[in-house]
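Subject: Structure for you, with notes

Hello,

Here is the structure I said I would pass on. My notes follow it.

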Amino acid sequence: MRRRARASRADSNTLAVAIGRGWRGRSATPAAFGLAIGVGMTGCADPSGRQGATSQEAPAGAGRGTDAGTGMEAGTDAGMEAGTDAGTGTGTDSDASASTSKSGKRYRVAALGDSLTEERFGGGKYLAWLRQRCPNSRFESLGEGGDMTNQMRARFEGDLAAATARLKGEAFTDLVVLGGVNDLYSDLTAKRTPEKIERDLGTIYASARARGLRVVAVTVAPWAGFTRYYNPGRGRATLEVNRWIRTQRGQAADAVVDAYAALGACQGTGAPEALDAALCPAFATPDGLHWTAAGHQRLGEALHAAAFADCR
């Protein structure tokens, strides 16, 4: 399902291409992959064709953020793959729950993010995988396609309260935070910098901790294959943000999952400091930014190993 891009409040003729709300899903049939970061993976298929657009500046878009000119929201113009249920991103591998323990902890997890987490339009399949692996736990998506981290910060408390109401008042135990790529290619249009991204993520982490939630921070995944907006300068900014996120383990975050390393390699893990890293072809949709079902499973496995291995 493709949505029409919304005009900017500052300039109604300007449209943004953001990590995407509104794309048509196509079912994917990836091979099964191994458990967790650092465990060997099966080989990758040949890369699918990526878009060859060379524009280096994303136009400013309609924003909910607080910085002047911020906010991007539109569907990307490349076809992308979704899960088995149309638009829901609920497809998972059938063997995911085979080894689930009958004993363990019942987690109630909220996941804050952008379209990679928003289940309404094909993202968030890593949560579906975790639900199957941890059938007695709850994993709720707080994903919003097109969001930058300042927008995630602005809506966090309200979205968490609404999700808690859906759980009939049962408190969440954990918050997964995955965001930043929309900011990184909005450096010119929205004046987003690594410092601003880190500040907003830090505020989210602190707010969650203040509410008694355990924080699971996730680094920005590789996106050099998104050639329409990627450039080496934005790649260096990505490494800077990810470096900061990794330093939060044991500080502002209780656990850190390195999606950059996990999704950048087809087998094992990639180098967390590799500049211009792209997604493993088996994990990448044609736009080079969003993930196949196999990519979502890869992140789900890494999250399970790092934070939810004792789930039930």
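Is R211 buried, partly exposed or exposed? R211 is partly exposed, because its relative accessible area is 42%. Please keep in mind throughout that this is a predicted model.

R211 sits in the loop that joins α4 to β4. Leaving aside neighbours within four places in sequence, its contacts are E157 and L160. Its C-alpha atom is separated by 10.0 Å from that of D174, a residue 37 places away along the chain.

Nonpolar cores

The largest nonpolar core holds 34 residues, and L175 and W223 have the most contacts inside it. At least two residues of this core come from each of β1 (108-113), α2 (149-166), β3 (174-178), α3 (181-184), α4, β4 (214-218) and α5. The most is given by α4, with five residues. Another core, of 33 residues, lies apart from it and includes W129, L279, L299 and F308.

W223 deserves a separate entry. Not counting residues up to four places away in sequence, W223 touches V181, L184, Y185, Y229, Y230, R234, T238, A277, G288 and L289.

Aromatic pairs

There are eight aromatic pairs in the structure. One of them is formed by Y205 and W244, which are stacked, with 6.0 Å centre to centre and 10 degrees between the planes. This pair links distant parts of the chain: Y205 belongs to helix α4 (residues 194-210) and W244 to helix α5 (residues 232-247), 39 residues apart. Y205 counts as buried because its relative accessible area is 0%.

Cavities

Three cavities of 30 Å³ or more turn up in a search of the whole structure. The second largest cavity contains about 40 Å³ of space. Its lining is made up of P222, W223, A224, Y230, G235, T238, Y260, L275, D276 and A277. By type, seven of these lining residues are nonpolar, two are polar and one is charged.

D276 is partly exposed, because its relative accessible area is 38%. Its phi is positive, about 65 degrees, although D276 is not a glycine.

K191 is another residue other than glycine with a positive phi, near 60 degrees. K191 is found in the loop between α3 and α4.

Helix α1

Helix α1 (residues 125-133) is mostly covered, with seven of its nine residues buried. The buried ones are K125, Y126, L127, A128, W129, L130 and R133. They pack against β1, β2 (138-143), β3 and α7 (293-307). Of these, W129 also belongs to the core of 33 residues.

Regards

Notes. Residues are numbered from 1 along each chain as its sequence is written. This is a predicted model: local features need pLDDT of at least 70, side-chain atom pairs count only at pLDDT 80 or more; totals for chains, interfaces and linings use all residues. Side-chain values use heavy atoms; hydrogens and water are left out. Rings of Phe, Tyr and Trp (its six-membered ring) pair if their centres lie within 6.5 Å; planes under 30 degrees apart count as stacked, over 60 as edge-to-face and the rest as tilted. Helices (H or I, at least four residues) and strands (E, at least two) are DSSP runs, numbered from the N terminus. Buried means under 20% relative accessible area, exposed over 50%, partly exposed in between (1.4 Å probe, protein chains only). On a 1 Å grid over the protein atoms alone, a cavity is a set of points where a 1.4 Å probe fits but cannot get out, and a pocket is an open set with protein on both sides within 12 Å along at least five of seven lines; lining residues have an atom within 4 Å of a point. Grid points are joined across faces, edges and corners, and a volume is the space filled by probe spheres set on the points. Ala, Val, Leu, Ile, Met, Phe, Trp, Tyr, Cys and Pro count as nonpolar, Asp, Glu, Lys and Arg as charged, and the others, Gly among them, as polar. A nonpolar core is a set of buried Ala, Val, Leu, Ile, Met, Phe, Trp, Tyr and Cys residues joined through side-chain atoms within 4.5 Å. Contact means heavy atoms within 4.5 Å.
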